[in-house]
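Look at the structure first, then read the points below.

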Amino acid sequence: MKLILCIIAAEAMTQLACKAEIFDSLRKRIKGWSKFTNDLLSCPYCVSVWVAALTTCFYFAWEWLYLYVVFLVIHRGSNVAHDLYRLVQNLKIDQILRRK
C-alpha cells in the first residue's frame, strides 16, 4: 500500500512541477537557468525520473513524510474525480443536445 501511495504521489508531483498554472512563473525562472533545466521541465517524463528519486526517499522516511504523501494522493484523487465529473456532465449535455 505504501508503494502505491508513493507512486500516486510521484505522479502528482510531476504534474504539479510540469503543468500547474500556479507554478508558471517559478517554472519560467528555473527554465532560464540553463538548457538542462529548460529541457528537463519541458518533459514530464524526464521530471518523473527525478521525482521518483525524491519519492524513493519519501518511501524510506515514511513516518516523517506520510502526511505529505497522503496530501498528494488526495490532491490527485480530487483531480481524477473532477475530470470524471466533467466527463459525465459533457455526456449529459451531448445527450440533451441530441434529443432536440
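Lys-2, Leu-3, Cys-6, Ala-10, Met-13, Thr-14, Ala-17, Cys-18 and Lys-19 in helix α1 meet Pro-44, Val-47, Ser-48, Val-51, Leu-54, Thr-55, Phe-58 and Tyr-59 in helix α4. Contact means heavy atoms within 4.5 Å. By class, this contact of α1 with α4 has 12 nonpolar, three polar and two charged residues. Nonpolar covers Ala, Val, Leu, Ile, Met, Phe, Trp, Tyr, Cys and Pro; charged covers Asp, Glu, Lys and Arg; the others, Gly among them, are polar.

The model is predicted: local features need pLDDT of at least 70, side-chain atom pairs count only at pLDDT 80 or more, and totals for chains, interfaces and linings use all residues. Numbering starts from 1 along each chain as its sequence is written, and side-chain values use heavy atoms, with hydrogens and water left out.

**Geometry**
- The axes of α1 (residues 2–19) and α4 (residues 44–60) come within 8 Å and cross at roughly 140°.
- Axes are lines fitted to C-alpha atoms, for helices over the stretch in contact, and angles run from 0 to 180 degrees between N-to-C directions.

**Helix α4**
- Helices are DSSP runs (H or I, at least four residues), numbered from the N terminus.
- α4 has 17 residues.
- Its buried residues (under 20% relative accessible area, 1.4 Å probe, protein chains only) are Val-47, Val-51, Thr-55 and Phe-58.

**Thr-55**
- Thr-55 lies in α4.
- Thr-55 is buried, with a relative accessible area of 4%.
- Not counting residues up to four places away in sequence, Thr-55 touches Cys-6, Ala-10 and Met-13.

Key. Helices (H or I, at least four residues) and strands (E, at least two) are DSSP runs, numbered from the N terminus. Buried means under 20% relative accessible area, exposed over 50%, partly exposed in between (1.4 Å probe, protein chains only). The expected span of a helix is 1.5 Å times one less than its number of residues.
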